[in-house]
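Trainee: I should like to understand the terms applied to this model. May we set each one against its definition?

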Amino acid sequence: MAVASAASLHSVDVSTADFAQVVIEGSKSAPVLVDFWAEWCGPCRALKPVLEKLAAEYGGKFKLAKVNSDENQALAQQFGVRGIPNVKAFVNGELVDEFSGALPEAQVREFLERLIPSPAEEKRLQAMAHYAATGDAKQALAMLVEASRLDPQNENVRIDCAQVLIALGEMDEARQLINSMSPLAHMDDRVKTLEARLSLAAHAGSGADAEDLARKVADNPADLAARLQLARLKIAQHQHAEAFDQLLEIVRRDRKFEDDVARKTMLQVFSVLGSDHLLVGEYRRKLAGALN
C-alpha cells in the first residue's frame, strides 16, 4: 500500500507492488511524477522537498510518487533509470517526459507547466466529460465557449466546439468554425471526421422516399443517380450496410460516376464510424475488391 507523506497529501511512497495502480492507473486521472531516489544521494535530498512542496501547492493537479531505486531495482531498470534523481512524468498511463538531476524550483515549475492542463484545457475537459455523461450538448457548448474565452487559440477547444455544434444541428456554424482552423488542425483525424459528417449531412435531406428510390433501382439497375440518392438516405437513417451495398454497386458499374462520389462517400462514412466498427473492416475489403 502507498503511504501518504507527512509533507503532502499528494505525495506517496511507491514500490513495485503498487506502481501500476498508483502511477499507471492514477495518471489517467491526473499527471503523476515519479521521483527515483536513494538515501545516499545528496542531489536527491535537495530535490525531494522541492517536489513535495510543489505537490502540496498544486493541490492535486499532479501526484508525486517516490520510488527508492535501491529497494526497487527492477522497477528502476524497467524504466531506464541510469542516474538519480530521475523524475519521470506519466500521463494517461504513458511516460511522456522526464528530467535528471536536482533542478532549481523554477525549472521544475516549467516542467510541470508542460504537463498540467491550462485553465482553458481544464474547462474543455470538463465540458466534454459532461457531454459524454449526460448528452447535454447545449451546456457542453456553453462550457466550451467559456474555455475559448480563456484561450481563443486553443485548437482542441475549437474542434470540440465544432463536434458539439454538429450534434446540435448547427451545421453552418460548425462548417465556418472548421474552415477558420489552421492547416495543421485540418490534418487532425478528428477534424477530418467532422468534415466527413458535414459532407454527409449536406446530402442527407433529399426529401426522397426510400421505397420509391428502391423501386427505381429495381426497375433500372443502371440508374446510378437513384442508387446514390438511396445510399445517402440509408446513411441518414443509419442503415449503413444497405448504403454500402448501393455505393459498391456504383463503384462496380462506373468508378468515375460524379467524380468517384461512391468511393469517396464510403470513405467518409468509414471515417465517421471509426476503424473499430464491424462494418468498416468488412466493407473496406469489399471496396478494395471492387477497385481491383
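Mentor: We begin with the nonpolar core: a set of buried Ala, Val, Leu, Ile, Met, Phe, Trp, Tyr and Cys residues joined through side-chain atoms within 4.5 Å. Buried means under 20% relative accessible area, exposed over 50%, and partly exposed in between, with a 1.4 Å probe and protein chains only. The model is predicted, so local features need pLDDT of at least 70 and side-chain atom pairs count only at pLDDT 80 or more, while totals for chains, interfaces and linings use all residues. Residues are numbered from 1 along each chain as its sequence is written, and side-chain values use heavy atoms, with hydrogens and water left out.

Trainee: Which residues touch the most other members of the largest nonpolar core?

Mentor: They are Val164, Ile178 and Met181, in a core of 24 residues. Helices α5 (119–134), α6 (137–150), α7 (155–167), α8 (171–179) and α9 (189–202) each supply at least two residues of this core. Helix α7 gives the most, with seven residues. Helices here are DSSP runs of H or I with at least four residues, and strands are runs of E with at least two, numbered from the N terminus.

Trainee: What is Val164 in contact with, leaving aside its neighbours within four places in sequence?

Mentor: Contact means heavy atoms within 4.5 Å. On that basis Val164 is in contact with Met128, Tyr131, Ala137, Leu141 and Leu144. A second, separate core of 21 residues includes Leu224, Ala243, Leu248 and Val251.

Trainee: Why is strand β3 called largely enclosed?

Mentor: Six of the six residues of β3 (residues 32–37) are buried, and therefore the strand is largely enclosed by the rest of the structure. In a regular strand the side chains alternate between the two faces of the sheet. Both faces of β3 are covered, with Val32, Val34 and Phe36 buried on one side and Leu33, Asp35 and Trp37 buried on the other.

Trainee: What makes β3 and β4 a parallel pair?

Mentor: Two strands pair if DSSP finds at least two bridges between them. Strands β3 and β4 (residues 63–68) have six bridges, in the parallel sense. Within this pairing, Val32 stands opposite Lys63, and the bridge partner of Val34 is Ala65. Strand β3 also pairs with β5 (residues 86–91), in the antiparallel sense over five bridges; there, Asp35 has Val87 as its bridge partner.

Trainee: Is Lys88 buried or exposed?

Mentor: Lys88, in strand β5, has 1% relative accessibility and therefore counts as buried.

Trainee: What makes the pairing of Lys88 and Glu98 a polar contact?

Mentor: A polar contact is a pair of N or O atoms within 3.5 Å; within protein, one must be able to donate a hydrogen and the other to accept it, and residues adjacent in sequence count only if both atoms are side-chain atoms. The contact joining the side chains of Lys88 and Glu98 is 2.8 Å. A polar atom of the Lys88 side chain also lies 3.0 Å from the backbone oxygen of Phe79.

Trainee: Why is Gly289 called partly exposed?

Mentor: Gly289, in helix α14 (residues 278–291), has a relative accessible area of 48%, so the residue is partly exposed.

Trainee: How confident is the prediction, on average?

Mentor: The average pLDDT, the predictor's confidence in each residue from 0 to 100, is 90, and 96% of the residues score at least 70. Over residues 1–7, however, the pLDDT is below 50. Where pLDDT is low, the predicted coordinates should not be read in detail.
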